[in-house]
Amino acid sequence: MAPRRELAETNPITALGVIAPPPIHIDSPKFEGSLATLFRCVKDHKVQLLDVPLAPVCEAYFAYLINATLDDLDEAAAALTVLAYLLERKAWALLPSLEPEPETEEPMELPASSAHEYGVAIEALKMWQEERSQNFFRSPDSGPEIYELPYSLGDVKPDDLARAFSRLLAKATLHPEANTAKARRSISQQMLVVLKAINTTWRSLEDLIDQPFTREDAVYFFLALLELVRLGQVGIRMEEESVQFARAKGVTK
């Protein structure tokens with residue numbers, strides 16, 4: 001078996017001083033170890049590259065490209081940089097030339113950040129993301145059956161619910177100032193508020209909500225009430241032209 005040439009280093013070996021190559025293992029007659037170790041050994045003149053065939057190195061790199069998921073393209077690019085470096089060094093060693101072999105250049109400094117050039121676009125994306133966060137999107141995994149109303153609402157029609165909600169909004173006070181940055185309410189918490197306000201006595205929507213209330217309060221209260229109706233915890237009926245609600249039998253809290 002070929003001797004193992006591994007170096008004990010405290011810092012990771014990097015290609016061009018920026019990105020570390022991935023752990024590609026090289027197994028050849030004259031060298032056995034990682035691609036990063038071969039790179040460091042050649043760079044420090046601890047391995048004679050003429051004695052190391054590069055065909056197994058290229059095969060190991062191709063096998064890495066085929067089998068890896070390539071989630072990190074920087075690592076793949078670093079491996080390609082190391083391979084190009086080894087091929088160039090091998091070419092200089094094989095071709096007769098009066099010129100001395102070029103020395104390895106020191107790693108170049110990273111270019112200055114140019115993020116400031118895209119400041120306007122970054123701010124626009126942040127603003128759009130903030131606006132989008134205020135919207136509610138139904139999960140793609142949730143089918144319509146989860147949000148369907150109970151199979152029977154008796155004599156209550158959707159138009160009756162719409163008129164009841166419209167009357168509720170007409171009695172709402174104007175919101176002093178719209179604040180789109182504040183956190184959205186939790187419907188589950190609002191359902192607890194509705195359960196505290198409702199009992200076994202049939203009452204209209206306007207009688208259930210505490211005065212005064214804003215249009216936003218009305219929306220959350222109505223949505224929570226409909227969810228409780230869907231869950232069977234609140235009953236619903238028509239009394240003359242008014243939609244009335246009461247706690248369902250057997251529901252204590």
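Start at Tyr64, which has a relative accessibility of 17% and so counts as buried, since the limit is under 20%. Keep in mind throughout that this is a predicted model. Tyr61 is buried as well, with a relative accessibility of 8%. Both tyrosines sit in helix α2, residues 55-67, and they are three residues apart, which is about one turn of the helix.

How many aromatic pairs does the structure hold? There are four. Tyr61 and Tyr64 make up one of these pairs, with ring centres 6.4 Å from each other and 35 degrees between the planes, and the pair is tilted.

Is Cys58 buried or exposed? Cys58 has 18% relative accessibility and therefore counts as buried, again because the limit is under 20%.

Now to a second aromatic pair. Which parts of the chain does the pair of Phe165 and Phe222 link? Phe165 belongs to helix α6, residues 158-170, and Phe222 belongs to helix α9, residues 215-230, so the pair links distant parts of the chain, 57 residues apart. The ring centres of Phe165 and Phe222 are 4.6 Å apart and the planes are at 20 degrees, so this pair is stacked. Phe165 and Phe222 are both buried.

From α9 we can go on to the sheet. Helix α9 lies across β4 and β5, and it runs at about 105 degrees to β4. These strands belong to an open sheet of three strands, in the order β3-β5-β4, and the pairing is antiparallel.

Take the two pairings in turn. Strand β3 and strand β5, residues 242-247, run antiparallel and are joined by two bridges. Across from Arg203 stands Phe245 in β5. On the other pairing, β4 and β5 also run antiparallel, and six bridges join them. Met238 has Val243 in β5 as its bridge partner. The hairpin of β4 and β5 has two residues between the strands, and Glu240 takes a positive phi there, near 60 degrees. As for cover, β5 is mostly covered, with five of its six residues buried.

Next is the other end of the chain. How many of the nine residues of helix α1 are buried? Eight are, and the helix, residues 35-43, is mostly covered. The buried residues in α1 are Leu35, Ala36, Thr37, Leu38, Phe39, Arg40, Cys41 and Val42. What covers them? The elements that cover the buried residues of α1 include β1 (25-27), β2 (32-34), α2 and α3 (73-94). Helix α2 is also the helix that holds Tyr61 and Tyr64. After α1 comes His45, which has a positive phi near 60 degrees.

Cys41 has a relative accessible area of 2% and is buried. A disulfide is a covalent bond between the sulfur atoms of two cysteines. With a cut-off of 2.5 Å between cysteine sulfur atoms, the count of disulfides here is zero.

Last, the chain as a whole. The protein chain has nine helices and five strands. Along the sequence the pattern is β-β-α-α-α-α-α-α-α-β-α-α-β-β. Of the 253 residues in the protein chain, 32% are buried. Among contacts with a separation of 6 or more, 68% are between residues 24 or more positions apart. The accessible surface of the protein chain is about 17,600 Å², and carbon and sulfur atoms account for 56% of that surface.

That is the tour.

Terms used
Residues numbered from 1 in each chain as written. Predicted model: local features only at pLDDT ≥ 70, side-chain atom pairs only at ≥ 80, totals over all residues. Heavy atoms only, no water. Phe/Tyr/Trp six-rings, centres within 6.5 Å; stacked < 30°, edge-to-face > 60°. Helix = DSSP H or I, 4+ residues; strand = E, 2+ residues; numbered from the N terminus. Buried < 20%, exposed > 50% of the residue type's maximum accessible area, 1.4 Å probe, protein only. Contact = heavy atoms within 4.5 Å. Areas by Shrake-Rupley, 256 points an atom, 1.4 Å probe, with all protein chains shown as cover. Pairing = 2+ DSSP bridges. Axes fitted to C-alpha atoms, helices over the stretch in contact; angles between N-to-C directions.
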